[in-house]
Amino acid sequence: MKVIVIKCGGSILNSLSEDFFLSIDRLKNSGFHPVLVHGGGPDINETLDLYKIKPEFKDGLRKTTEEVMHIVELVLSGKTNRKLVNLLEHAGHKALGLNGSDCSLLQAAFVNWETLGFVGKVESVNKNLLESILEIGCIPVITPIASGPHGQKLNVNADMAAGAVASALHAEMCVFVTDVDGVLKDGNLIQELTVQEAIKLIEEGTVYGGMKPKVETALSVLSQGAKRVMIASGKNKFYDNNSFIGTAFVSENLYMKGAAK
């Protein structure tokens, strides 16, 4: 089974184009089985503001008290997940919304209870459940909420959740859908980068600003065991004519195997 994991950030959900859903259709026609993982940061912050709760972050992770965790789940499972499932259904796809904590789909350990509260790092994925859903032709749409050590629900970074799912399913690729086509150099899209090449672009300043954390996240997910990671646009096609459109990141070992063919 050829699986592709697609992570949609909360900031891009309202901007997903018809071309994005057409790309998913073409992926399926090419024999791929899509799995979607989504975030919901903007919607969470908006709801926290309604409750007069100030968002707090540490090292890029949202500090999650019990009160914040309730809001995170309310927004992700009750609003953001429903939105993405409805968009997929409207585009003609069968989609099933899943809380990551359902059936221990995502199991996680606390990252640091004292400083972050109910924030987790995925340690295992119920791949049998996901494979069963894929076999009946449905697209799983997963919230980054995990089941904790004692049944608590934990807030998980959506990028890392997507990476864990991609690794567990031995996905062909993990695609991070953003508002840009990928990494540009001199105005031209770079189609593929090894880890060392990507690090060099960061060090020399070619990758900077908002692209820098995107690339760093892609490299981090690649280190989790994903075969290939890609940054692609949700506003344009990211798959067409049997080819992915974006910037793919590969490990040196995989790159060398490809070069030896």
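Tutor: A residue is called buried when its relative accessible area is under 20%, exposed when it is over 50%, and partly exposed in between, with a 1.4 Å probe and protein chains only. By that rule, 49% of the 261 residues of the protein count as buried. This is a predicted model, in which local features need pLDDT of at least 70 and side-chain atom pairs count only at pLDDT 80 or more, while totals for chains, interfaces and linings use all residues. Residues are numbered from 1 along each chain as its sequence is written, and side-chain values use heavy atoms, with hydrogens and water left out.

The residue to look at is Phe 249. It sits in strand β18, which covers residues 247-250; helices (H or I, at least four residues) and strands (E, at least two) are DSSP runs numbered from the N terminus. Phe 249 has a relative accessible area of 0%, so it is buried. A contact means heavy atoms within 4.5 Å. Leaving out residues up to four places away in sequence, Phe 249 touches Val 183, Leu 193, Ala 198, Val 215, Ala 218, Leu 219, Leu 222, Arg 228, Val 229 and Ile 231. One of these is Leu 219, which is 30 residues away along the chain, with 7.2 Å between the two C-alpha atoms.

The chain as a whole gives the setting. Among contacts in the protein with a separation of 6 or more, 73% join residues 24 or more positions apart. The protein has nine helices and 18 strands. The C-alpha trace spans about 50 × 45 × 30 Å along its principal axes.

The structure holds eight aromatic pairs. In one of them, the ring centres of Phe 20 and Phe 21 are 5.0 Å apart and the planes meet at 85 degrees, so the pair is edge-to-face. Rings of Phe, Tyr and Trp (its six-membered ring) pair if their centres lie within 6.5 Å, with planes under 30 degrees apart counted as stacked, over 60 as edge-to-face and the rest as tilted. Phe 20 and Phe 21 are both buried, and together with Phe 238 they form one aromatic cluster.

For contrast, here are some exposed residues. Glu 18 belongs to helix α1, residues 18-29. Its relative accessible area is 74%, so Glu 18 is exposed. Lys 52 lies in the loop between α2 (41-50) and β3 (57-58); its relative accessibility is 75%, so it counts as exposed. Phi of Lys 52 is positive, near 60 degrees, in a residue other than glycine. Asp 59, in the loop between β3 and β4 (61-62), also is not a glycine and has a positive phi of about 55 degrees. At 73% relative accessibility, Asp 59 counts as exposed.
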